[in-house]
Structures are given as structure tokens and as C-alpha cells.
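Please keep the structure in view while reading.

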Amino acid sequence: MENNILLQINNISVVYSDVIQVLKGVSLAVEKNHIVSLLGSNGAGKTTTLKAVSGLLKPENGKVTDGSIIYKGRNIQNQYPEFITRQGIIHVLEGRQPFKYLTVEENLKVGTATRWLKPHKDDLEMVYHYFPALVKRRKALAGYCSGGELQMIVMGRALMAHPELLLLDEPSLGLAPLVVKEIFEIIVKINEEQATTIILVEQNAGMALQIAHYGYVMENGKIVMEGSAADLVKNPDIKEFYLGVGVAGDLRSYRDVKSYRRRKRWL
Amino acid sequence: MDFFVQLLINGISVGFLYGLSAMGFVMIFKSSSVLNFAHGELLAMGAFLFLALVTWAQLPILPAFLITLAGCFVLGFVVERLFLRPLIGEPLIFVIMLTVGLASMFKGILLLIFGGNLNTYPDFLPSFLGIQRGMINIPPVYTATLIIGLTFLAVFGLFFKYSSQGIYMRSVADNQKAALSLGVHVKLVFALSWAIAALVAGMSGIVLGIINGINVHDLSAIGLKVFPVVILGGLDSIGGAIIGGIIIGLLETFTGGYLSPSLRDVVPYIVLVFILLVKPYGLFGLKEIERV
């Protein structure tokens, strides 16, 4: 069991610019080949947690001040992203961030930066197999692609690196429900076929818990709840706050929710 | 008519040279948003290195040329490593002030070693490169400029379009954070862009040295001429730098030829102002792709 843990975050604190504390002791463990979803409202610290893992805190003047991040038995906190990506961790950023002035195919090629030998052809074919919609757009500038296509580009780009651990930050952001469904199906496919471990940060808790094996709920820079996805879906608090279904299935007025909110079980 | 054609040819070759010197400048700006005020001094470094190799070390021309290019490449790499890398993440104005400091330093070193006099290269360009037809006379150095310039353009064009490293460099210019998240060595890209910029600058320094003679002050002043060129062409467009260079070159020679030689340094700037009124990003400046 212990050997199955790919990534272990032990009680980390993250501070930006030496003053702003964002994470206050976050611990989580990610098992190999699992999809783990990280839920929580805006500003809870989900994205910061991912950045702490991928090393992208550094350019933003953030630092892991306490605790440790262990990946495959190795301490990786406060390492440079150049190093961490080469260990097999790729972070797909929130808000998609394509290379606008590069074509779709060039965007994908940047994904091979971490590897020495670059069989572009096979990798490209693999990505087009998961995202067939990209094939006819391969020569187009990424800046002119639609939101759904952009999400496919950035995920495909990450796949080109053959990551062992893929960090997905809000892949459903601003996409139509049908496209979201498609993207999530592809995430499951990647997880099963490529044996890629995935940490999924989502606002769309319903979708995320459907495909995840395990879930964590964050609030105010702390993990407040964890459990297998099946348990979390049944949890009345999760239902209330993240899935939008009342305990009895009836709609509540905003005032009720607010009064209930003060009595959250985990605070 | 002959006079016109002569001016046209002079203008294009001088302009092409401006464009080439500006190309290095654009490359640094594109990858790291740094305005390099030491660009003129980089030109001078190349020119003097070549001078030293040809006159002091008595090397044949071709090896001297290649060694100069390699030397400039290394120089750019070292400059980035020693002076610019510690400033990554600091406000841009610090970095720009640093390049001003670098400019003085290079200038000082060159004055110390070579003095402020005008030097010349021995005449080495084969005369068959010159073209003489009626009243039109194209000196060999202009033909050589065109050939070398076009070769450089083609090589770098292919490099940026097709090679992996070229694509990484463009990706960093495009979205640094995303490039970092994919494991692109951003620092290596910065170093490479300085190295390539210094190489191109050194090459244009040599050619300028052949045309005007080699003098520290003159060559570093050319660095200032880079500004109208790149602003005209668009600060972040390599092709724009070449076109901007040719336009400035043509304006200079035509005003020099038809109006008055004393106006030749002024008119390009006047035209520049008018073009910028119409196209504030320069002729080929990157239009922000916006999704509506």
C-alpha cells in the first residue's frame, strides 16, 4: 500500500512575497494511477497547492516554508520547474495559456521540451488519437482556436511530455456542458490507457467526483475533508455546498444556506 | 535615372545592414522584453575582434570571420550568464539600466585597448563582387552585405520555424509561464537569444567597419540608429526589423542625395513620427490576438 503512493504532501505552508500565507498545513497523498480531485471555493488554495508541486511558485515569488513534498521518495519542494518537469510532473495551467502565435502543432511540439529523444511523429499521433478535433486545426494559430480546442491543445501539449503525474487546473473553466463532458471522458481515457496519475482541481464538483477515485476538499488554505469519491458524493455537506442539492433535495433560499453555512461540520 | 538607381541600391544595402543590426536587438526584446542599450557596443566588439584577428594575429579572412562570429556568440552567452541572469525576476528597469552600464563598460574596454582612432581593415573583398554598369557603381561591400544578410535571414528563419530549440524560443517569447510549466529551459533560451543577438551584431559590426572604418564612437552610435528601425518595424518583429531598416536606409540616402546631406539624419525620424501616428505598434508590430 505504502509503495503505491506516488506523491505525498506533508503539512506544507506556502507564503507569497514573505508575507502572504496561502497554505496553512496541507497534507495529501496521491496513489499511483488514481485520479484525485481537489475541490474548494475560489481562493481556497487549490491552484497554489498545484503550483507548489510543479515548482511554479518560484517565478511568482512564492515559497514552501514548511513541510515537505515527496515524489517517488524524493524531496521536491522549492525545486525549479525545469527539474520537476523532468521528473515527470506536468502542470496544465488554469485559463489554458496557449502559445497564441504558434500553430497548434508547434504548441504540441513544445511539450517535448523535457525529453532528449524526440519521436515527434508517434507522440503527435498519440495526441491526435485522444483529441481528433485537433487534426484539422494543426496548421492554425492557436490564438484563433475556440475554448474547447484550446483546452485540448494544452492537455495534448502536456501529454507530449509523457507525464507520470498530470496536474490539471480547472479544465472545465468556461466551456459548454457538452464540451466539458467530452474533456472529462478524455481525462478518464488518459488515466486508464497511459497509466497517468492525475490531480484534478475543479469547481465543477459533480463532474470531478464522477471520474475521481479520491477527493479532498480545501477551504482557507487547509484540507477540511477527504474521502473516496463515492463517500464524498454522499456526504450531506458536500451535497449542500458543492453539488447544490439540499439535504432533502429541495431548493433552499440563499438565507437558509448562509445560516447553515455557519454550522459547517468541519469548522 | 542612373542617380536614382544608384541611390536606391545604396539605400537598400545600407538599410539591410541597419535591419540586420536591429535583428539582434529585436531578438533580445522578444524573448525577455529587455531593451538592450549596449547593442551598438556589441557591434563594436565584433568589429574590433575581427580587426584584432586580421591585423594582429594575421589570420586569413575566412577563419578570422568565423572565429569572430563564434567569439561574439560566446560573448553574448557569457554576458547573459554573468550580468543578466542574477537580475531575472527583478523589475525590467533595473535590467535596462544594467545594459546602459554594460555599454559604458564595453566602450571603455575597447577605448583602452584600441584607442579612439579610426582603424581600417585591409582590403580583402574580391573585386568581382563589385558591379560597374554605366554610371551605376556598386562597391563589393554592398554586394557582400546583401549576400551575408540574406544567408543569415534564411538560416535564422529556418531555425526559428523548424528546429525544436527555435520553437522553444518562440514559445518563451509567447507565454513564459506556460513554457516554464512544460519544462522549457527559459534561462537557456535567454542566454541563447543574447548569444545569437551578439553574433548577428558582431557580423553587422564587421560589415559596417568595412564601409565606414572602425571607430568605437561611430559604431556605438549606430546602436542608437537601431531604435528608429525597430520602432518603425515593430519592436517584436524580426521581419519588421529588416523592412524597417531598409525604409530608414532608403530615406537616408534619398534625402542625402536629393535634398541635402545635412538633412539625412533628420528626415527618417520625421517620417517615423508620421508612420507611428497611423500605426502605433510599428508596421509589423504584433497585433494582440484577442478572442471576442
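What percentage of the 292 residues in chain B do buried residues make up? The share is 45%. The model is a predicted one.

## Chain B overall

Chain B contains 11 helices and two strands. Their order along the sequence is α-α-α-α-β-β-α-α-α-α-α-α-α.

The C-alpha trace of chain B spans about 60 × 50 × 35 Å along its principal axes. Its radius of gyration is 19 Å, which agrees with the value near 19 Å for a compact globule of 292 residues. Take the contacts in chain B between residues at least 6 apart in sequence: 75% of them join residues at least 24 apart.

## A helix pair in chain B

Helix α1 (residues 2-32) of chain B packs with helix α8 (residues 186-212) of chain B. The axes lie 8 Å apart, and the angle is about 170°. Angles over 145 degrees count as roughly antiparallel, so α1(B) and α8(B) are roughly antiparallel to each other.

Which residues of α1(B) and α8(B) meet? From α1(B) come, among them, B:L17, B:L20, B:M23, B:F25, B:M27 and B:I28. The α8(B) side includes B:V189, B:F190, B:W194, B:I196, B:V200, B:V207 and B:L208. The contact of α1(B) with α8(B) has 16 nonpolar and six polar residues, and no charged ones.

## Strands in chain A

In chain A, strand β1 (residues 5-16) and strand β4 (residues 62-71) run antiparallel, joined by eight bridges. A:I9 stands opposite A:I69 in β4(A).

β4(A) also pairs with strand β5 (residues 74-75) of chain A. This pairing is antiparallel as well, over two bridges. A:I70 has A:N75 in β5(A) as its bridge partner. β4(A) and β5(A) form a hairpin with two residues between them. In the turn, A:K72 has a positive phi of about 50°.

## Where the chains touch

How many residues of chain A are in contact with chain B? There are 26, and they contact 18 residues of chain B. On the chain A side, α2 (81-86), β6 (89-92) and α3 (104-110) each supply at least two residues. α2(A) gives the most, with four.

By class, the side of chain A that touches chain B has 12 nonpolar, seven polar and seven charged residues. The contact of α1(B) with α8(B), by comparison, has no charged residues.

Terms used. Residues numbered from 1 in each chain as written. Chains lettered and ligands numbered in written order. Predicted model: local features only at pLDDT ≥ 70, side-chain atom pairs only at ≥ 80, totals over all residues. Rg over C-alpha atoms; globule rule 2.2 N^0.38 Å. Buried ≥ 20, exposed ≤ 12 C-beta atoms within 10 Å, placed from the backbone. Contact = placed C-beta atoms within 7 Å. Nonpolar A, V, L, I, M, F, W, Y, C, P; charged D, E, K, R; others polar. Axes fitted to C-alpha atoms, helices over the stretch in contact; angles between N-to-C directions. Parallel < 35°, antiparallel > 145°, perpendicular 65-115°, else oblique. Pairing = 2+ DSSP bridges.
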